[in-house]
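Please look over the model below with the notes that come after it. They are written to be read with the structure open.

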Amino acid sequence: MSIEAQAASPLLVDIGVNFHSSQLASMTAPLLARAKAAGVAQILATGTSLASSLRALELARAHRGLVFATAGVHPHDAKSFDAATFEQLAELWRCPEVVAVGECGLDYNRNFSTPEAQRAAFDRQLSMAARTGKPLFLHCRDAFADFHDMLAPVVADGAHGVVHCFTGDRAEAEAFLAMGLDIGITGWVTDLQRGQALRAAIRAIPLDRLHLETDAPYLMPKNAGLRGKPNEPAYLPWVAAGVAELLERDVAEIIAACSANSRRLFGLPPVEAAA
């Protein structure tokens, strides 16, 4: 797939980019230029801490119509979630450029914050999603049972959102779908070794519940054939191609459907109105 062919595809939405990461922090201008050349029209800058959420908002204000922000505290950083952090995040969630609450959730894989701290931070962010009406940008890793149990009553009360960077199996996908949550797919779906559970689950996810994301600089799509460099939004078409292959659909159909889902969930403007 050439860059020219990628750019000719329907315009994409990348729902997760970690612009604050050390690998991308000094590359914003060229990253955005390459993204637009590859057909990526809108990007969500992920907030994983108070500092990165402020940075995401700054980027969204500097690149209106192209970049939008999320604001939240990732479970790895839950130990830093105190009353002052909550108050400052609450201010961010009132900003129109901030289109989602999160990245928030649970991650019991490495427990950089204790499970107790993670659950406390997640609970506060769930409550704000319910109050603001903004969608949740969710993270779950090796914590399905607690994650599901905490989310269920909030979703039943009307909260909505996307399980970002989903890497689980079919049963987990079906459980999230039954709750009314959408699912974000990254380059993990192109990994023939680690991604087998996700590849088997993808057919259980309706096309109107799928979103595409790079989670840059992580999870470089394997089908891009690139090694030794960080992932970036310009490589999102390769994620779309991987999904299209597994679903036996035309890649343009996948891009159009997933982009429409993202614009609807996050309240993004039509592409024609984007910068």
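Predicted model: local features only at pLDDT ≥ 70, side-chain atom pairs only at ≥ 80, totals over all residues.

1. Helix 4 against helix 5. Helix 4 covers residues 83–93 and helix 5 covers residues 115–132; their axes come within 11 Å and cross at roughly 30°. Angles under 35 degrees count as roughly parallel, so helix 4 and helix 5 are roughly parallel to each other. Their crossing is right-handed. Helix 4 contributes Phe86, Ala90 and Trp93 to the contact, and helix 5 contributes Arg124, Gln125, Met128 and Thr132. By class, the residues of this contact are four nonpolar, two polar and one charged.

2. Helix 6 against helix 7. The axes of helix 6 (residues 144–156) and helix 7 (residues 170–179) cross at roughly 15° and come within 10 Å. Helix 6 and helix 7 are therefore roughly parallel to each other, and the crossing is left-handed. On the helix 6 side the contact is made by Phe144, Phe147, His148, Leu151, Ala152 and Val155; on the helix 7 side it is made by Glu172, Ala175, Phe176 and Met179. Eight of the contact residues are nonpolar, one is polar and one is charged.

3. Helix 9 against helix 10. Helix 10 spans residues 251–266, and its axis lies 8 Å from that of helix 9, at an angle of about 115°. The range from 65 to 115 degrees counts as roughly perpendicular, so helix 9 and helix 10 are roughly perpendicular to each other. Helix 9 passes helix 10 in a right-handed crossing. Ala240, Ala241, Val243, Ala244 and Leu247 of helix 9 meet Val251, Ile254 and Ile255 of helix 10. This contact has eight nonpolar residues, with no polar and no charged ones.

4. In soluble globular proteins, nonpolar side chains tend to be buried together. Here the largest nonpolar core has 78 residues, and those touching the most other members are Trp93, Phe122, Leu136, Leu138, Leu151, Ile185 and Leu210. Helix 9 (residues 236–247) supplies the largest share of this core, seven residues. Another core, of 11 residues, lies apart from it and includes Val13, Leu44, Phe137 and Leu265.

5. Leu136. What does Leu136 contact, leaving aside its neighbours within four places in sequence? The partners of Leu136 are Val101, Cys104, Gln125, Leu126, Ala129, Leu151, Ala159, His160, Gly161 and Val162.

6. Thr46. Is Thr46 buried or exposed? Its relative accessible area is 1%, and under 20% counts as buried, so Thr46 is buried. Thr46 sits in the loop between strand 2 (40–45) and helix 3 (50–62). Not counting residues up to four places away in sequence, Thr46 touches Gly16, Val17, Asn18, His20, Ser52, Thr70, Glu103 and Phe137. Of these, Phe137 is also among the members of the 11-residue core.

7. Ala33. This residue is found in helix 2 (residues 28–37). Ala33 is partly exposed, with a relative accessible area of 43%. Along the chain Ala33 and Ala234 are 201 residues apart, while their C-alpha atoms are separated by 8.8 Å.

Technical notes. Residues numbered from 1 in each chain as written. Heavy atoms only, no water. Axes fitted to C-alpha atoms, helices over the stretch in contact; angles between N-to-C directions. Helix = DSSP H or I, 4+ residues; strand = E, 2+ residues; numbered from the N terminus. Parallel < 35°, antiparallel > 145°, perpendicular 65-115°, else oblique. Left-handed = near helix turned anticlockwise from the far one by under 90°. Contact = heavy atoms within 4.5 Å. Nonpolar A, V, L, I, M, F, W, Y, C, P; charged D, E, K, R; others polar. Core = buried A, V, L, I, M, F, W, Y, C linked by side-chain atoms within 4.5 Å. Buried < 20%, exposed > 50% of the residue type's maximum accessible area, 1.4 Å probe, protein only.
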